Amino acid sequence: MNYWQPEFELMRRPELEELQRKRLKSVVEKVYQNVPFYHNKMKEMGIAPQDIQSLKDLSRLPTTKKVNLRENYPFGLFAVPRDEVVRVHASSGTTGKPTVVGYTRNDIESWSDIMARDFVMVGVTKGDIFQNAVNYGFFTGGLGVHYGIERMGAMAVPSGVGNTERQLEIMQDFGVTVLHCTPSYALYLAETAKARGVVDNLKLRIGCFGAEPWSDEARKDLEEALHIKAYDSYGLSEMCGPGVAFECQEQNGLHIWEDSFLIEILDKEDNPCAPGEPGELVITSLSKEAMPLLRYRTGDVTYVLEDDCSCGRTSRKLHRFLGRADDMLIVRGINVFPSQIEDVLMSMPEIGDYFQVVVDRKTHGLDELTIQVEMKDEAFTGELQDLSRMQRKVEEKLKSVLNVRSKIDLVEKGTIPRTAGKSRKIVDRRDVYAKDERAKAKS
Ligand code: DLL
């Protein structure tokens, strides 16, 4: 068994908890002194850093939500002077301003080590050729994964996103052995490889997939189609990016690196869930310098698997994610808020007040976003040409705001069901997979 940082990965629980306790105390002190948002919140709640002595005191601290990052846009939550921040990333697809996160040089170093732990855990070695087929911009999946590959010494192939034919050509020509991308893009790559008859030319052996929910069904399809072992990778920009939790070769739950991330599973009222009960994952960063967050509400629903793992790592495992606690949708790896769709539609005078968004994943393939939109009577000329012009206009506008393509169905006024209560603006048909997974895990 190979480990990248055995001193952390194999640390006995009592030692690990003592490390967490020390790190928690120091993070609390740091944000209290340097981040006005936390200083004011803690003062309001009547707590001071010295009140936090044990891990049990965690529940006395304020929680942080995505909206708090937006309110402090862009650099308001930095806990170090601006000139110590060597990089920023920003999250895709949020209403209004994006959420910005910052890193010191040490943050980049420890993030790279955490990514290296993940890759070594799934069996990547220095001899591997590792294609990173995600966006290298503000999205943390590009540079985050890239630095991890370089840190552990495999060969990084920064192919970025798009141009599937070229991705496959590179994969064959370079003899790529490890692939990282979103699971939906992996399914598309697999489908294209099959259609072109090139699967047998590939040397892939490991796939690391994440940034969006996927199922064991999809894993099976990918493993069969590409002759690989496929691993689930979880992360979020607010904690660093990818790497926060990752499956080991058991493929049964994601180890969360508890020396850096202190976790809680909470219900909607901020109370801890009973062991094994799903709830929202809440994380406190323990080793981040530039922008540590206290009790960050990830919005992601999961539960802790308490069993020891045969891989020897002592960090606990999270069940594959079951969904989101809020209304954020993740479509092809991109975060989409229904309110963004609403803003775009409502800004167009031809569009009425009713719309419905349907997200589907056809035969575990790519996510498809279809939006039924009612037109205003006066905008309806009856000319087909006008309709398709209108359809294109809405599709283009949405694409530029959401960064993800959607299909628009223009429908007549009165088509979308009216309800007395909350209208059901979002129909997420992909939920079915998550529920199946849970039923299976429990049986
Ligand atoms: O998606 C970081 C990342 C990049 C993770 C590459 C894995 C691989 P954000 O753009 O900030 O960061 O989006 C974070 O994506 O809160 C989850 O809702 C969702 N998510 C990420 N990984 C998984 C996963 C990156 N394996 C948000 N399963 C998170 C389910 C996931 N959801």
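Trainee: Where does F75 lie in this predicted model?

Mentor: The model is predicted.

Trainee: Is F75 buried, partly exposed or exposed?

Mentor: Buried means under 20% relative accessible area and exposed means over 50%. F75 has 38% relative accessibility, so F75 counts as partly exposed.

Trainee: Which residues make the nonpolar surface patch, and what is its area?

Mentor: F75 is one of the residues in this patch. V88 and F138 complete the patch, and the area is about 280 Å².

Trainee: How many residues surround the ligand, and which element gives the most to the shell?

Mentor: The ligand is surrounded by 20 residues, the closest being A211, D232, S233, S237 and D300. Both α6 (140-152) and β7 (229-236) supply at least two residues of the shell. The element that gives the most, with five residues, is β7.

Trainee: What polar atoms lie by the ligand, and how much of the ligand's area does the protein cover?

Mentor: A backbone N or O atom of A211 is 3.1 Å from a ligand nitrogen. For ligand oxygen atoms, a polar side-chain atom of S237 lies at 2.5 Å, and a side-chain N or O atom of D300 lies at 2.5 Å.

Trainee: K317 forms a salt bridge with E250; how many residues apart are they?

Mentor: The closest N and O atoms of K317 and E250 are 2.9 Å apart. K317 is in strand β14 (residues 317-318), while E250 is in the loop between β8 (241-247) and β9 (254-256), so the pair links distant parts of the chain by the DSSP assignment. K317 counts as buried at 4% relative accessibility, and E250 as partly exposed at 34%. The separation of K317 and E250 is 67 residues.

Trainee: Why are R389 and D386 separated by about one helical turn?

Mentor: The side chains of R389 and D386 meet in a salt bridge at 3.3 Å, N to O. Both residues lie in helix α11 (residues 384-402), and they are separated by about one turn because their spacing is three residues.

Note on methods. Residues numbered from 1 in each chain as written. Predicted model: local features only at pLDDT ≥ 70, side-chain atom pairs only at ≥ 80, totals over all residues. Heavy atoms only, no water. Patch = residues over 30% accessible without salt bridge, like charges linked within 9 Å, V, L, I, M, F, W, Y side chains within 5 Å. Areas by Shrake-Rupley, 256 points an atom, 1.4 Å probe, with all protein chains shown as cover. Salt bridge = Lys/Arg side-chain N within 4 Å of Asp/Glu carboxyl O. Buried < 20%, exposed > 50% of the residue type's maximum accessible area, 1.4 Å probe, protein only. Near = heavy atom within 4 Å. Polar contact = N/O pair within 3.5 Å; in protein donor to acceptor, adjacent residues only side chain to side chain. Helix = DSSP H or I, 4+ residues; strand = E, 2+ residues; numbered from the N terminus.
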